[in-house]
Amino acid sequence: MDTIQKLELLGGDTRFEVQSAAEKACPDYLDLPAKTQGLKDSLSTVIRGDGKRMTVLKTLLSSYCARNCFYCPWRRGRDLPRVQFTPEEMASAFMQMHQKRLVEGLFLSSGIHGRASTTQDRLIATADLLRHKHGYRGYIHLKIMPGVDRASVEASMRLADRVSINLEAPNPARLERLAPEKNLFEQLMPALYWADEINQQRRAEGKRAVSTTTQFVVGAAGESDREIITTVAQLAREARLSRAYFSAFHPVPHTPLDGLLPEDPRREHRLYQSDFLLRQYAFAADELVFDASGNLPRAMDPKLLYALRHPERFPLEINRAPREALLRVPGIGPRSVERILQMRQRGRLQDLRDLKGVGLAAQRATPFLLFNGRRPHMQLSLF
Ligand code: SF4
């Protein structure tokens, strides 16, 4: 089997990893040569920190795995053809694709082939070859295997732009129902806290911080949105987690969970919106509105729901409201708030016409604003 065939074999199922607004399947514009059409499933679009999109090769170094996670296509009990790459083979295949401008970055994960630490060593060796043998300076995202030590996390962060440690579930009881061989507090969480310590050290040495992410499988362990959001908020606060990804559960045939129904994708969407409210709008987890079962209502945007549940806080006087209050107005984002604050320094805002070009969603924001004590007249043509 040649390298392309091996990558094709991995492609279809690596997409179980993350499919979100931030990471889409192979971009339509990519015109792959006929010989490599089968690689489409291994390519994803990632939006970088600077907002630019890039196409990444997202694949596994090995689809052999010693673990038996219930949701995973690569679990050891599942009968399917498996492949593995040597670090040299993967580095060279990636460089060929990069030189042909098929991909700009690499997201490399692996099944745990043998011990977690030796698997991590092979991931590190691949990144090391790319950086030091091939002179590759672009984007590398490395997965951190469960249970590896701090030195392995540090070595990965020396080479990668991003590392991810997937918790999969928000607490030990839920993880037990998804992956009983994994231990949240001993094998997974510590790596996120180490990554934060390592980043603090890197910053002190004048080096750039490496972004850290995690992922949750949503809807297979009976967990509530409140449980997930509580854990995400804790990690953002205590370990400066850069981002969380939410992957709506989709049953994989011939796994212990294949009788479960797929999760409603709207749940994933509401979790992403809530995570943005925590990270970019300074919401506290307990400000979010959950239903009686601890879930985010699917029928309404969580920020609009918050505003409707707090009539005592709205409408808000746009000329006096502090930043954190403006951030809670539906239809107004962090950039719009900064623009409004700048404009206020130049004088009082009189009506909606003064907000033209600020970038807010006027139709959503208008019911929650006052201008000098008066409700604005909606003039959609302005926006
Ligand atoms: S350790 Fe990773 S690859 Fe292996 S079964 Fe679990 S989720 Fe799948």
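A crossing of two helices counts as left-handed if the near helix is turned anticlockwise from the far one by less than a right angle, and as right-handed if clockwise. Keep that in hand for the first two views of this predicted model.

**View 1. Helices α3 and α4 cross in a left-handed way.** Here α3 spans residues 116–133 and α4 spans residues 150–159, and the two pack at about 20 degrees with their axes 9 Å apart. Angles under 35 degrees count as roughly parallel, so α3 and α4 are roughly parallel to each other. On the α3 side, the contact is made by S117, Q120, L123, I124, A127, D128 and R131, and α4 brings S152, A155, S156 and L159. Sort these by class and you get 5 nonpolar, 4 polar and 2 charged residues.

**View 2. Helix α4 also passes α6, this time in a right-handed crossing.** The axes of α4 and α6 (residues 184–204) come within 10 Å and cross at roughly 55 degrees. That makes α4 oblique to α6. Look for R150, V153, E154 and M157 of α4 meeting A191, W194, A195 and I198 of α6. The tally for this contact is 6 nonpolar and 2 charged residues, with no polar ones.

**View 3. A shell of residues surrounds the ligand.** By class, the shell divides into 6 nonpolar, 1 polar and 2 charged residues.

**View 4. A cis peptide bond links F314 to P315.** Its omega is near -5 degrees. P315 belongs to the loop between α9 (302–309) and β9 (316–317).

**View 5. R101 has a positive phi although it is not a glycine.** The phi value is about 60 degrees. You'll find R101 in the loop between α2 (87–99) and β4 (105–109). With 9 other C-beta atoms within 10 Å, R101 is exposed.

**View 6. A282 is a residue other than glycine with a positive phi.** Phi is near 60 degrees here, and the residue lies in the loop between α8 (265–280) and α9. A282 has 13 other C-beta atoms within 10 Å, so it comes out as partly exposed.

**View 7. A362 is found in helix α12.** That helix covers residues 362–365. From A362 to L142 the separation is 220 residues in sequence and 41 Å in space, C-alpha to C-alpha.

Conventions: Residues numbered from 1 in each chain as written. Predicted model: local features only at pLDDT ≥ 70, side-chain atom pairs only at ≥ 80, totals over all residues. Axes fitted to C-alpha atoms, helices over the stretch in contact; angles between N-to-C directions. Helix = DSSP H or I, 4+ residues; strand = E, 2+ residues; numbered from the N terminus. Parallel < 35°, antiparallel > 145°, perpendicular 65-115°, else oblique. Contact = placed C-beta atoms within 7 Å. Nonpolar A, V, L, I, M, F, W, Y, C, P; charged D, E, K, R; others polar. Near = placed C-beta within 6 Å. Buried ≥ 20, exposed ≤ 12 C-beta atoms within 10 Å, placed from the backbone.
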